Amino acid sequence: MTQTPSTDSKPVSALQCPACRVLDAADGSQDGRLFTPPTSHVKDARHLVRALTRAQDRAADGITAFAGSMNFVYIHSVWFAIWVLANVGFVGGAVFDKFPFGLLTMIVSLEAIFLATFVMVSQNRQALRADVRSQLDFENNLRGEIWAIHIGAVLRIDPEHVEDVVQQALAASSQSTAATS
Ligand SMILES: [Zn+2]
């Protein structure tokens, strides 16, 4: 089979190696490119990490963590109790927000709007973290696969047999997850 060197990927010389020819054929076409470019790229990891370390976004994480704590509930319970009791006249002092506590309602509404936004900022940051992790996972898996195929080539393990077993195992595992869900 003639190998047509492609313009957009470099290591055609690597295909002198039999193990790399196995890798080339693994995506179904022996085209001189070891890896078929994925259709959706994970965004540049350095850009993601930079975004994760921005101080304002870290503050959003901190606020969201506090809003998800029991201390948040306790503080608000005490605050609402004091506010309501003071404004129905149970506690001495001026009544500054008569029933139905319009000022308290406005403050809490504004707080809710900002909290909702903080939660969404934090969710975006969680997604970025997951992207960075999955990119690292992908790179490690790829490294492991290339090493395994080269080691297998030295040990004269039949790559087609291994791939058959892999496909059977994947089919069985997807069947069992489909059955349980
Ligand atoms: Zn090789």
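This is a predicted model: local features need pLDDT of at least 70, side-chain atom pairs count only at pLDDT 80 or more; totals for chains, interfaces and linings use all residues.
Where does Asp 131 lie? Asp 131 is part of helix 5.

**Overall make-up**

The protein has six helices and zero strands. Along the sequence, the pattern reads α-α-α-α-α-α. Of the 181 residues in the protein, 4% are buried. Among contacts between residues at least 6 apart in sequence, 55% link residues at least 24 apart.

**Helix 5 and its partners**

Helix 5 covers residues 102–154, and helix 1 covers residues 18–25. These two helices pack with their axes 8 Å apart, at an angle of about 130 degrees. The crossing of helix 1 and helix 5 is right-handed. On the side of helix 1, the residues that meet helix 5 are Pro 18, Ala 19, Val 22 and Leu 23. On the side of helix 5, they are Ile 146, Ile 149, His 150 and Ala 153. Sorted by class, this contact of helix 1 with helix 5 has seven nonpolar residues, one polar residue and no charged residues.

An α-helix has 3.6 residues a turn, so residues three or four places apart point the same way. The numbering of the contact residues can be read with that in mind.

Helix 3, residues 55–67, also packs on helix 5. The axes of helix 3 and helix 5 come within 8 Å and cross at roughly 115 degrees. The crossing of helix 3 and helix 5 is left-handed. Helix 3 contributes Asp 57, Ala 60, Asp 61, Ile 63, Thr 64 and Ala 67 to the contact. Helix 5 contributes Leu 115, Phe 118, Val 119, Val 121, Ser 122 and Arg 125. By class, the contact of helix 3 with helix 5 has seven nonpolar, two polar and three charged residues.

What does Asp 57 touch, leaving out residues up to four places away in sequence? Asp 57, in helix 3, touches Ala 51, Val 121 and Arg 125. The C-alpha atoms of Asp 57 and Ser 122 are 7.6 Å apart in space, although the two residues are 65 residues apart in sequence.

The C-alpha atoms of Asp 131 and Leu 48 are separated by 8.2 Å, with the residues 83 apart along the chain.

A residue is buried with 20 or more other C-beta atoms within 10 Å of its own, exposed with 12 or fewer, and partly exposed in between. Asp 131 has 14 such neighbours, so Asp 131 counts as partly exposed. Asp 57 has 16, so Asp 57 is partly exposed too.

| Residue | Other C-beta atoms within 10 Å | Class |
|---|---|---|
| Phe 101 | 16 | partly exposed |
| Arg 156 | 6 | exposed |

**The loops on either side of helix 5**

The loop between helix 4 (70–87) and helix 5 holds Pro 100. A cis peptide bond joins Phe 99 and Pro 100, with omega about 10 degrees. Phe 101 lies in the loop between helix 4 and helix 5. The phi of Phe 101 is near 55 degrees, a positive value in a residue other than glycine.

Arg 156 is found in the loop between helix 5 and helix 6. For Arg 156, phi is near 60 degrees, which is again a positive value in a residue other than glycine.

**Helix 6**

Helix 6 runs over residues 159–180 and has 22 residues. From first C-alpha to last, helix 6 reaches 32 Å, close to the 32 Å expected at 1.5 Å a residue. Are the residues of helix 6 covered or uncovered, going by what count of buried residues? Helix 6 is hardly covered, since the count of buried residues among its 22 residues is zero.

Key. Residues are numbered from 1 along each chain as its sequence is written. Axes are lines fitted to C-alpha atoms, for helices over the stretch in contact, and angles run from 0 to 180 degrees between N-to-C directions. Helices (H or I, at least four residues) and strands (E, at least two) are DSSP runs, numbered from the N terminus. A crossing is left-handed if the near helix is turned anticlockwise from the far one by less than a right angle, and right-handed if clockwise. Two residues are in contact if their C-beta atoms, placed from the backbone, lie within 7 Å. Ala, Val, Leu, Ile, Met, Phe, Trp, Tyr, Cys and Pro count as nonpolar, Asp, Glu, Lys and Arg as charged, and the others, Gly among them, as polar. The expected span of a helix is 1.5 Å times one less than its number of residues.
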